[in-house]
Amino acid sequence: MKKSLNYVNFDLAYNLGLKLCEEIKRKDSENIATLDSLGRVLSKDIVCIKNLPSFNNSAMDGYAIRVEDLKKSLKIEDTIFAGDKREFKEPKSEYCYKIMTGASVPDFVDLVVPYELCESLENEVKFTKDLKRGSNIRLKGEEHKIGEILLKKGDKIDSSLISLLVSQGVKELEVYKKLNIAIISSGNELKEPWEEASEEEIYNINSFFIKSFLEENYFSSSYLGVVPDNLEKSIEFIKKLENYDVIITSGGVSMGDADFLAKAFLDCGLEVTFHGVNLKPGRAMMLGKLKNSLVLALPGNPLANAINSHIFLLPLLKKLQGETKFNHDFIECKNSKDFGVKLDRVEAVLGFVENGKFQATKDNKYGSAMISLLYLSNSIALTSGKSALIKDSDTIKVLPFIKKYIENRVDFLN
Ligand SMILES: Nc1nc2c(c(=O)[nH]1)N[C@H]1C(S)=C(S)[C@@H](COP(=O)(O)OP(=O)(O)OC[C@H]3O[C@@H](n4cnc5c(N)ncnc54)[C@H](O)[C@@H]3O)O[C@H]1N2
Ligand code: MOO
């Protein structure tokens, strides 16, 4: 193994990774049931085929009247209910209909007066407020009209998209096929959680972090086991990975005398995009292409492994999966306590955002082999390396990696 990694800067690594995704041939699409589509990505636009709403309907329980009747007392002809299939004739001038929310509004009706703005007399109703023509009537197609694009190719399906799809009676839809993702670890010191580990051995944290992290983000993956710290065996192992779109490894890619994994990938023909990123923690990372598979070798240290999964792995997988929204967004927070960072490199600082304030976990004093930090954090702030001190009350950009709920009620109204 070479004696030092050629660190590329953070931005370059991020951009090169996303560019590399364009070189990986994407798999076709498939048709699946709408109700099984949560987390999948649309491979075709969805066009409106049913106006929203599809008929003029009442927004309130009340009375369906003509504008000129607002000043009158009216008798009730009948009640129109949601789902009513009957035909309603225009009533005589001293009559009106009662109407329920969601019921179809006949053409002769100008507005609906809610019960709250009416005075009920014996067998008659009077209106206490002047309302405009069209009040409380939801018009056919006012939200979306037939022919408009409702959802775009590359949109990821969540519950809000399911609402729209169901509103159109879409039972089946076309989505990109799922990525085939392999997860492997390396290291003779590793034991699986179902095995007994001696004091000198450790449990294989990374593979199970990655697998569950991917599941949280709707990616399925196969855990294939631990590659032995041996070049020939590693090569044998790698040769069996051809059918995977993405191969995620952890450990064995820095400069240790037993870090065979990177060498084995190179011997198998890996085209390296970069090996080493100027990021702490998380610098021991390698990205490349092996035939038609994207290979992301993550650092062995569990915290570095998890941070790079958030920062690099997820955008790469999203892009490969066909999502159009694959880049990180940030929220702006006030920093709540000074913390120091190193100059001239990007530093990933774990923290907790609560009530609009970011607090660096353990004041940013921790090592990349630590396991419990993620549990204590809900976000990452990336520093640029231009300043060694992030001051209390500085405004900083934060990437929330999970929405954690908090114990105490805060005033979240604006
Ligand atoms: N001379 C240098 N040594 C190291 C450097 C360096 O720049 N120069 N970088 C350090 C950093 S930073 C990291 S991160 C690690 C990365 O090394 P590898 O990615 O090759 O990982 P390993 O050496 O195999 O393991 C590192 C560490 O992580 C533990 N580990 C590995 N896999 C798992 C797993 N699946 N679950 C839990 N823990 C795991 C392993 O036991 C080691 O303790 O290199 C530093 N060294
Ligand atoms: O990849 Mo290492 O963090 O930089 O712990």
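Partly exposed means a relative accessible area between the cut-offs for buried, under 20%, and exposed, over 50%. The model shown in these views is predicted.

**View 1. A salt bridge joins K337 and D363.** D363 has 23% relative accessibility, so D363 counts as partly exposed. K337 also counts as partly exposed, at 40%. Their side chains meet in a salt bridge, with N and O 2.9 Å apart. The pair links distant parts of the chain, 26 residues apart. K337 sits in the loop between β22 (331–335) and β23 (339–340). D363 sits in the loop between β25 and β26.

**View 2. A salt bridge joins E124 and K75.** The N to O distance in this pair is 3.5 Å. E124 is partly exposed, with 24% relative accessibility. K75 is partly exposed too, with 31%.

View 3. The closest N and O atoms of R86 and D78 are 3.1 Å apart, and the two residues form a salt bridge. R86 is partly exposed at 42% relative accessibility. D78 is partly exposed, with a relative accessible area of 30%. Salt bridges also link R66, D69, K72 and E90 in a network. How many salt bridges does the count come to? The count comes to 19.

**View 4. The largest nonpolar core has 45 residues.** Which residues have the most contacts inside this core? They are L214, L294 and F312. Several elements give two or more residues to the core, among them α1 (10–21), α3 (205–216), β21 (293–298) and β24 (346–354). Helix α6 (302–321) is also one of these elements. The most comes from α6, which gives ten residues. The core draws at least three residues from each of domain 1 (10–27 + 178–321) and domain 4 (331–413).

**View 5. F312 has contacts with residues elsewhere in the chain.** Neighbours within four places in sequence are left aside here. F312 is then in contact with F10, A13 and Y14, and also with V277, L279 and M285.

**View 6. The chain is assigned four stretches or sets of stretches as domains 1, 2, 3 and 4.** Domain 1 covers 10–27 + 178–321, and domain 2 covers 29–51 + 142–176. Domain 3 covers 57–138, and domain 4 covers 331–413. How many Å separate the centres of domain 1 and domain 3? Taken over C-alpha atoms, the separation is 65 Å.

**View 7. I49 lies in a loop.** This loop runs between β2 (46–47) and β3 (57–58). Is I49 buried or exposed? I49 counts as exposed, because its relative accessibility is 56%. Leaving aside neighbours within four places in sequence, I49 is in contact with I146 and Q168. I49 and V166 are 117 residues apart in sequence, while their C-alpha atoms are 11 Å apart in space.

**View 8. Two peptide bonds are shown as cis: L52 to P53, and K280 to P281.** Most peptide bonds are trans. For the bond from L52 to P53, omega is near -10°. P53 lies in the loop between β2 and β3. For the bond joining K280 and P281, omega is about -10°. P281 lies in the loop between β19 (279–280) and β20 (286–290).

**View 9. N355 and K362 each have a positive phi.** Most residues other than glycine have a negative phi. N355 is not a glycine, yet its phi is about 55°. N355 lies in the loop between β24 and β25. With 53% relative accessibility, N355 counts as exposed. Phi of K362 is near 50°. K362 lies in the loop between β25 and β26. K362 is partly exposed, with a relative accessible area of 48%.

**View 10. Y203, I205 and I371 make a nonpolar surface patch.** The patch has an area of about 260 Å². I371 lies in the loop between β25 (357–360) and β26 (379–383).

Key
Residues are numbered from 1 along each chain as its sequence is written. Chains are lettered from A and ligands numbered from 1 in the order in which they are written. This is a predicted model: local features need pLDDT of at least 70, side-chain atom pairs count only at pLDDT 80 or more; totals for chains, interfaces and linings use all residues. Side-chain values use heavy atoms; hydrogens and water are left out. Patches are made of residues with over 30% relative accessible area and no salt bridge: like charges are joined within 9 Å, nonpolar side chains (Val, Leu, Ile, Met, Phe, Trp, Tyr) within 5 Å. Accessible areas come from the Shrake-Rupley method with a 1.4 Å probe; for residues, only the protein chains shown count as cover. A salt bridge is a side-chain nitrogen of Lys or Arg within 4 Å of a carboxyl oxygen of Asp or Glu. Helices (H or I, at least four residues) and strands (E, at least two) are DSSP runs, numbered from the N terminus. A nonpolar core is a set of buried Ala, Val, Leu, Ile, Met, Phe, Trp, Tyr and Cys residues joined through side-chain atoms within 4.5 Å. Buried means under 20% relative accessible area, exposed over 50%, partly exposed in between (1.4 Å probe, protein chains only). Domain bounds come from an automatic or database domain assignment. Contact means heavy atoms within 4.5 Å.
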